[in-house]
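Subject: Structure handover

Hello,

Here is the structure for you to look over. My notes follow below it.

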Amino acid sequence: MKPKVLLVEDEPALAGALADNLEGEGYVVEIAPDGRAALARWAAWNPDLVVLDVMLPGLDGLQVCRQMRAQGQTTPVLFLSARGAPEERVEGLRVGGDDYLAKPFHLPEFLLRVKNLLRRRAETPRAVYEFAGHRVDFRAWTAYLQDGRKEALGEREMAILRLLIERAGEVVSRDEILDRVWGQEVFPSSRTIDNFVMRLRRLFEPDPARPVHFHTVWGVGYRFTPEPECKSDTAFSKELT
């Protein structure tokens with residue numbers, strides 16, 4: 001999927017020029033013309049990066065960033081501002097910005113900073129992952145389930161879940177799971193992996209006997225899909241149970 005960039009800029013000509021260049025780099029761009037619109041679009045659209053002008057009408061960029069950080073939003077923020085004094089840059093970073101670029105700026109530098117922030121985001125494991133009404137907090141090793149339950153997850157469960165999420169939509173072989181989760185010095189049986197996946201199904205599947213998220217690929221491994229699929233692994237589940 002193409003990275004999504006929310007561009008918050010009240011100067012139409014500059015906003016249009018930056019959006020055109022960002023789209024030319026392969027990003028999906030939406031423009032918000034003021035702070036209030038930025039808050040609403042940020043929360044609804046869940047962008048991968050926010051390019052945020054500091055001097056906005058009504059609610060300025062610093063206030064926007066401060067409010068969203070207070071709500072737990074961790075999306076990277078690149079501040080743009082005509083104010084480039086050291087103390088102003090420090091203030092931008094203090095309220096939660098990840099980078100700060102003073103106007104006027106060179107377009108290649110702007111695009112490079114955008115690219116670097118998106119790359120760092122892609123390389124950083126998610127602390128919290130949500131799917132199908134569930135929320136997994138990898139820092140706390142805890143799952144908050146759709147039905148309101150709170151469940152602690154073990155080290156192996158967390159590692160398998162993270163690997164499958166990182167490779168969502170792809171088939172992950174049992175050999176790769178063994179290598180990534182157990183390492184080279186421990187050799188559990190494939191049945192051990194099956195048991196851990198069964199535990200994940202009991203937690204996250206609407207019907208563990210007919211899984212729609214954690215799919216078995218016969219003779220290979222597993223595939224995770226955040227959105228339910230029509231097919232299920234009923235036969236495999238019955239065999240294990």
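In helix 6, the buried residues are Glu157, Met158, Ile160, Leu161, Leu163, Leu164 and Ile165. Buried here means under 20% relative accessible area, exposed over 50%, and partly exposed in between (1.4 Å probe, protein chains only). Helices (H or I, at least four residues) and strands (E, at least two) are DSSP runs, numbered from the N terminus.

Two points on the source. This is a predicted model: local features need pLDDT of at least 70, side-chain atom pairs count only at pLDDT 80 or more, and totals for chains, interfaces and linings use all residues. Residues are numbered from 1 along each chain as its sequence is written, and side-chain values use heavy atoms, with hydrogens and water left out.

Helix 6 covers residues 155-166, twelve in number. From first C-alpha to last it reaches 16 Å, close to the 16 Å expected at 1.5 Å a residue. That expected span is 1.5 Å times one less than the number of residues.

Which strands does helix 6 lie across? They are strand 10, strand 11 and strand 12, and the helix runs at about 65° to strand 12. Contact means heavy atoms within 4.5 Å. Axes are lines fitted to C-alpha atoms, for helices over the stretch in contact, and angles run from 0 to 180 degrees between N-to-C directions.

These three strands form an open antiparallel sheet, in the order 10-12-11. Strand 10 (171-173) and strand 11 (214-217) are at the edges with a single partner strand each, so one side of each has no neighbour in the sheet. Neighbouring strands here are turned by 35° against each other on average, direction ignored. Two strands pair if DSSP finds at least two bridges between them. Strand 10 and strand 12 (residues 221-224) have three, in the antiparallel sense. Val172 stands opposite Tyr222 of strand 12. Helix 7 (residues 174-182) lies across strand 10 and strand 12, at about 65° to strand 10.

Strand 1 (residues 4-8) runs parallel to strand 2, joined by five bridges. Leu6 stands opposite Glu30, and Leu7 has Ile31 as its bridge partner. Four of the five residues of strand 1 are buried, so the strand is largely enclosed by the rest of the structure.

**Whole chain and confidence**

The protein has nine helices and twelve strands. Its C-alpha trace spans about 65 × 35 × 35 Å along the principal axes. Of the 241 residues, 43% are buried.

The average pLDDT (the predictor's confidence in each residue, from 0 to 100) is 87, and 90% of the residues score at least 70. Helix 1 (residues 12-24) has the highest confidence, at 98, and helix 9 (residues 234-240) the lowest, at a mean of 36. Over residues 231-241, pLDDT stays under 50. Where pLDDT is low, the predicted coordinates should not be read in detail.

Best wishes
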